[in-house]
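Dear colleague,

Please find below the structure that I am handing over to you.

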Amino acid sequence: MATTSGQITEQNKRLAREYLEAVENHTDGRIENLTDLVAADVVNHTPVSRDELTPGEERGIDLFRKHTEAVTRGFSDVHFDIHDMLAEDDRVLVRFDVVGTHDGMFMGVEPTGKPVRISTFGLYRFDDGKLVERWSESDLVSFLSQVGAIDL
């Protein structure tokens with residue numbers, strides 16, 4: 001039986017949720033099954049693994065793992081409140097909040113112990129059952145304000 005476009009779309013939505021759950025359910029900052037979900041040559045268009053606020057494209061699973069661990073290191077109790085998930089063909093758009101306690105270095109900001117909620121949009125492209133590209137836009141001004149790094 002042939003796979004329909006609708007089945008692929010639903011499969012990709014499931015994969016996007018699985019990826020977010022894998023990050024959320026990390027163990028000591030390690031993402032155990034990342035290679036099961038993410039392609040070896042993944043392209044991350046908006047990583048947060050650097051200690052500066054200037055995003056740049058990164059390629060490959062090792063740098064992607066570094067990005068993912070930056071999130072889990074910055075917020076050891078991180079979880080994602082998913083509000084919307086839209087999909088078409090190989091792409092899934094997810095609107096969610098990153099929620100957690102800022103208890104580790106994140107984007108150059110020393111840990112504050114403050115609770116944060118960061119509004120985020122993530123666009124994920126899948127191929128052959130794996131994440132191959134990721135774009136993300138987060139309200140970093142709100143994050144910086146919540147942790148006292150800037151005054152609004």
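Predicted model: local features only at pLDDT ≥ 70, side-chain atom pairs only at ≥ 80, totals over all residues.

Two residues are said to be in contact when they have heavy atoms within 4.5 Å.

Residues are numbered from 1 along each chain as its sequence is written, and side-chain values use heavy atoms, with hydrogens and water left out.

**Overall build**

The protein has four helices and six strands; here helices (H or I, at least four residues) and strands (E, at least two) are DSSP runs, numbered from the N terminus. In order from the N terminus, the elements run α-α-β-β-α-β-β-β-β-α. Of the 152 residues, 41% count as buried, where buried means under 20% relative accessible area, exposed means over 50%, and partly exposed lies in between (1.4 Å probe, protein chains only). Among contacts between residues at least 6 apart in sequence, 55% join residues at least 24 apart.

**How the strands pair**

Two strands pair if DSSP finds at least two bridges between them. Strand β1 (residues 38–44) is mostly covered, with five of its seven residues buried. Three bridges join β1 to β6, and these two strands run parallel. With strand β2 (residues 58–59), β1 pairs in the antiparallel sense over two bridges. Valine 43 has a bridge partner in each of these neighbours: glutamate 133 in β6 and arginine 59 in β2.

Nine bridges join β3 to β4, which run antiparallel, and histidine 79 stands opposite valine 99 in β4. β3 and β4 form a hairpin with two residues between them.

**Two residues with positive phi**

Most residues other than glycine have a negative phi. Aspartate 89, in the loop between β3 (79–88) and β4, has a positive phi near 50°. Methionine 107, in the loop between β4 and β5, also has a positive phi near 50°. Are these two residues buried, or are they partly exposed? Aspartate 89 counts as partly exposed because its relative accessibility is 40%, whereas methionine 107 is buried because its relative accessible area is 7%.

**The largest pocket**

Rolling a probe the size of a water molecule over the atoms shows where empty space is left. On a 1 Å grid over the protein atoms alone, a cavity is a set of points where a 1.4 Å probe fits but cannot get out, and a pocket is an open set with protein on both sides within 12 Å along at least five of seven lines; lining residues have an atom within 4 Å of a point. Grid points are joined across faces, edges and corners, and a volume is the space filled by probe spheres set on the points.

The largest pocket has a volume of about 380 Å³. Of the 25 residues that line it, the closest to its centre are Thr46, Val48, Arg134, Ser136 and Ser138. Which element supplies the largest share of the lining? That element is β6, with four residues. By class, the lining has 17 nonpolar, six polar and two charged residues; Ala, Val, Leu, Ile, Met, Phe, Trp, Tyr, Cys and Pro count as nonpolar, Asp, Glu, Lys and Arg as charged, and the others, Gly among them, as polar.

Serine 136 lies in strand β6 and counts as buried because its relative accessibility is 11%. Leaving out residues up to four places away in sequence, serine 136 touches Thr46, Thr120, Phe121 and Gly122. Its side chain makes a polar contact with the side chain of arginine 134 (3.4 Å). A polar contact is a pair of N or O atoms within 3.5 Å; within protein, one must be able to donate a hydrogen and the other to accept it, and residues adjacent in sequence count only if both atoms are side-chain atoms.

Threonine 120 lies in strand β5 and is buried at 2% relative accessibility. The side chain of threonine 120 reaches the backbone oxygen of isoleucine 118 at 3.2 Å. Threonine 72, in helix α3, is buried with a relative accessible area of 3%, and its side chain reaches the backbone oxygen of glutamate 69 at 3.2 Å.

Yours sincerely
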